[in-house]
Amino acid sequence: MRPLVFLFLALLPGLAGAATWNIVLMNQRRYVPVSDVAAFYRMTQAGADGASFRLTSANRVIEGKSGTTDVHINGVKYVTCFPLRSRRVDGTRTDAVYISAMDVSKIIEPVMRPGKIAGAAPVRTVVLDAGHGGHDSGAVGSLGREKQYTLDVVLRARALLLKAGFQVKMTRVTDVFVPLEERANFANHFPNALFISVHFNKSNTYGGTGIETYALAPRGVPSMDEGSLRYSDFNLNPGNACDSQNIALAAAVHSAMCRRLPVPDRGVKRARFAVIRNIRIPGVLIEGGFVDSAYDARLIATAEYRQRIAQSILDAVTAYARAVGASKSTTVITAVPASTPGLSLDEGLGESASGVAPAIAHVPEPAASPVHRDKVRPVSEPVFDLEIFRERNRNAFETPWIRRLFSTDDPFSLSEPVLQSWEEPNPEPPSREGPKKSVRARPNRDFTH
Ligand SMILES: [Zn+2]
């Protein structure tokens, strides 16, 4: 099959190079060789053995391996929408690694150049969502319940965010049950806001460890726990209007957690959980570790660990606001109204004529919404840097509090699975009362969490 060749010239040479996108169809999907990605972002390709790749520039590294769904950008793991593949380059005897066009447009581009995300609003408010509550305990471990830990983390995050000058709204501030639909509806009341839902994990098979960050799966992309596409994966959800912002925020949150928490990086993943599916502002759902694993549970039970998650949230909000370049804008952008179709990627990135989106983002999407775009954007900044990976590996297991923590064999001797802020008087009145009637979560993983 002859590759379709698209030629685009970047109008902003400081940001990206001229690129030829050699698009091929594999498994009915559009793929591009990673060498095109290297050319577009002006990166150097090393170790091109046809099975793995490593692209580098002054402050960026992208790595991946054919046959996997893992791409590492600056040391942080992203689970791709579709597997990386190897393919013989036409007219040659060499193999090259290919990445799906969907992954270039939905992961690589917004993570590499968050400053070019159109429609990204300045950040004024952060909506914090403590997972579970009331009769819904969430995951239960030997040292504590998920609903307690999530509330403790968001209370800590609220204090930090308020101090930094952000407004904070909470879907719950006490131990009450709040239906998932109400959480999303609540978040949609706030313009210029981000949504961060905090959860902790439980493994079906004992032994899970590490942190995950979920961004809403783009249209036509399977959820993480499914091997194949379902019909419903092609529905356009309200949250898809913010696909690029979602992944940029996920990158900011996840890399901040990777830097601060001494647990494995399980990656930035995709799902259609109700809270991130139905919000009309950028949002993510984090899993801050496994309450049922011997290692993670002991960490999660400490105020230090939970404070670090809270600090990561502040880091991320600050980095995101700076990275999308919207923090200096005075324009107020409200949440996209319910009737507005999703913002297509072509619309989102086309203005810069930077090439990548118009070239490969032909995933069927509705017409662009009339979302405001800043005409002038500052130069793109990464939402993270390479130091995260280095610092994490150097320091992760060397801090005194972790050494102390694991110097005892008896996890129950820990003095503080007590949730310090659990009984604190709430300085801000609850934004809403508990639900009048209880709505049971449905068993489908997309609808619960
Ligand atoms: Zn949960």
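Reader: Are helix 3 and helix 8 parallel, perpendicular or oblique to each other?

Author: This is a predicted model. The axes of helix 3, residues 146-163, and helix 8 cross at roughly 45°. Angles under 35 degrees count as roughly parallel and 65 to 115 as roughly perpendicular, with the rest between them oblique. Helix 3 and helix 8 are therefore oblique to each other.

Reader: What classes of residue make up the contact of helix 3 with helix 8?

Author: From helix 3, the residues include Y149, D152, V153 and R156, and from helix 8 they include R306, Q307, I309 and A310. The contact of helix 3 with helix 8 divides by class into ten nonpolar, two polar and three charged residues.

Reader: How are helix 5 and helix 8 oriented to each other?

Author: Helix 5 spans residues 243-260 and helix 8 spans residues 303-323; their axes are 8 Å apart, at an angle of about 140°. Roughly antiparallel would need an angle over 145 degrees. Helix 5 and helix 8 are therefore oblique.

Reader: Which residues of helix 5 make the contact with helix 8?

Author: On the helix 8 side, the contact includes R308, I309, Q311 and S312. On the helix 5 side, the residues are A248, L249, A252, V253, A256, M257 and R260.

Reader: Is the crossing of helix 5 and helix 8 left-handed or right-handed?

Author: The crossing of helix 3 and helix 8 is right-handed. For helix 5 and helix 8, the crossing is right-handed.

Technical notes:
Residues are numbered from 1 along each chain as its sequence is written. This is a predicted model: local features need pLDDT of at least 70, side-chain atom pairs count only at pLDDT 80 or more; totals for chains, interfaces and linings use all residues. Axes are lines fitted to C-alpha atoms, for helices over the stretch in contact, and angles run from 0 to 180 degrees between N-to-C directions. Helices (H or I, at least four residues) and strands (E, at least two) are DSSP runs, numbered from the N terminus. A crossing is left-handed if the near helix is turned anticlockwise from the far one by less than a right angle, and right-handed if clockwise. Two residues are in contact if their C-beta atoms, placed from the backbone, lie within 7 Å. Ala, Val, Leu, Ile, Met, Phe, Trp, Tyr, Cys and Pro count as nonpolar, Asp, Glu, Lys and Arg as charged, and the others, Gly among them, as polar.
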